[in-house]
Amino acid sequence: MMSTLSNPSQSSFFQVSDEIISHADQDLMHWVEKTAAHDLILDLQPLSQVNNQLIMCLVNAYKTAKSLGKTLKLASVSVELRMVLELSRLDQVLDFVNA
C-alpha cells in the first residue's frame, strides 16, 4: 500500500541498517516506543540484504507501533524486499511511502 505523509512535521524517521538487524531490533523497538511522533518512517535504503531477521524486525515494529496508536511506514524499499513482502502478503499490512 503506498501512501503520503499527512503531516511530515509530525513524522519521525529511523534509518534501518544491516547492523541493527544483525544485533536484534532493540534500537528500533526503543525508537518506536519512545518517539512522540504519530507517523514513524523506516528508511530501508541502507540495507544490503533481505532475511528472516529483517522481516521479523519489521513485523515486531509494526505490531508495537499499532499497539501504541502510531503508524509505521516503510521508505526506500528495495525491489527484492518488496517482492518478499508481496509473497508473504505483508504488503497488505505494511505501508509504503515516498519520503
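Start by selecting threonine 64: it counts as buried because its relative accessibility is 16%. Buried means under 20% relative accessible area, exposed over 50%, and partly exposed in between (1.4 Å probe, protein chains only). This is a predicted model, in which local features need pLDDT of at least 70 and side-chain atom pairs count only at pLDDT 80 or more, while totals for chains, interfaces and linings use all residues. Residues are numbered from 1 along each chain as its sequence is written, and side-chain values use heavy atoms, with hydrogens and water left out.

**Around threonine 64**

Stay on threonine 64. Helix α3 holds this residue. Helices (H or I, at least four residues) and strands (E, at least two) are DSSP runs, numbered from the N terminus. Now show the neighbours. Leaving aside residues up to four places away in sequence, threonine 64 touches Met29, Val32 and Glu33. Contact here means heavy atoms within 4.5 Å.

**The whole chain**

Zoom out and colour by secondary structure. There are 4 helices and 5 strands in the chain. Read from the N terminus, the order is β-β-α-α-β-α-β-α-β. Of the 99 residues, 45% count as buried. Among contacts in the chain with a separation of 6 or more, 76% are between residues 24 or more positions apart.

**The largest nonpolar core**

Next, select Leu28, Leu42, Leu44, Leu58, Leu74, Leu81 and Leu85. Within the largest nonpolar core, which has 24 residues, these touch the most other members. A nonpolar core is a set of buried Ala, Val, Leu, Ile, Met, Phe, Trp, Tyr and Cys residues joined through side-chain atoms within 4.5 Å. Which elements each supply at least two residues of this core? They are α2 (26–34), β3 (39–43), α3 (52–67), β4 (71–75) and α4 (79–87). The largest share, 6 residues, comes from α3. In soluble globular proteins, nonpolar side chains tend to be buried together.

**Where α3 meets α4**

Hide everything but these two helices. At what angle do α3 and α4 pack? The angle is about 65°, and the axes of α3 and α4 are 12 Å apart. Axes are lines fitted to C-alpha atoms, for helices over the stretch in contact, and angles run from 0 to 180 degrees between N-to-C directions.

The α3 and α4 crossing is right-handed: the near helix is turned clockwise from the far one by less than a right angle. Show side chains. From α3, Leu54, Ile55 and Leu58 meet Leu81, Val84 and Leu85 of α4. By class, this contact of α3 with α4 has 6 nonpolar, no polar and no charged residues. Ala, Val, Leu, Ile, Met, Phe, Trp, Tyr, Cys and Pro count as nonpolar, Asp, Glu, Lys and Arg as charged, and the others, Gly among them, as polar.

Select glycine 69, in the loop between α3 and β4. Glycine 69 counts as partly exposed, at 46% relative accessibility.

Move to serine 76, in the loop between β4 and α4. Its phi is near 55°, a positive value in a residue other than glycine. Serine 76 is partly exposed, with a relative accessible area of 39%.

Finish at arginine 89, in the loop between α4 and β5 (95–97). Arginine 89 also is not a glycine, yet has a positive phi of about 65°. Buried or exposed? Arginine 89 is exposed, with a relative accessible area of 62%.
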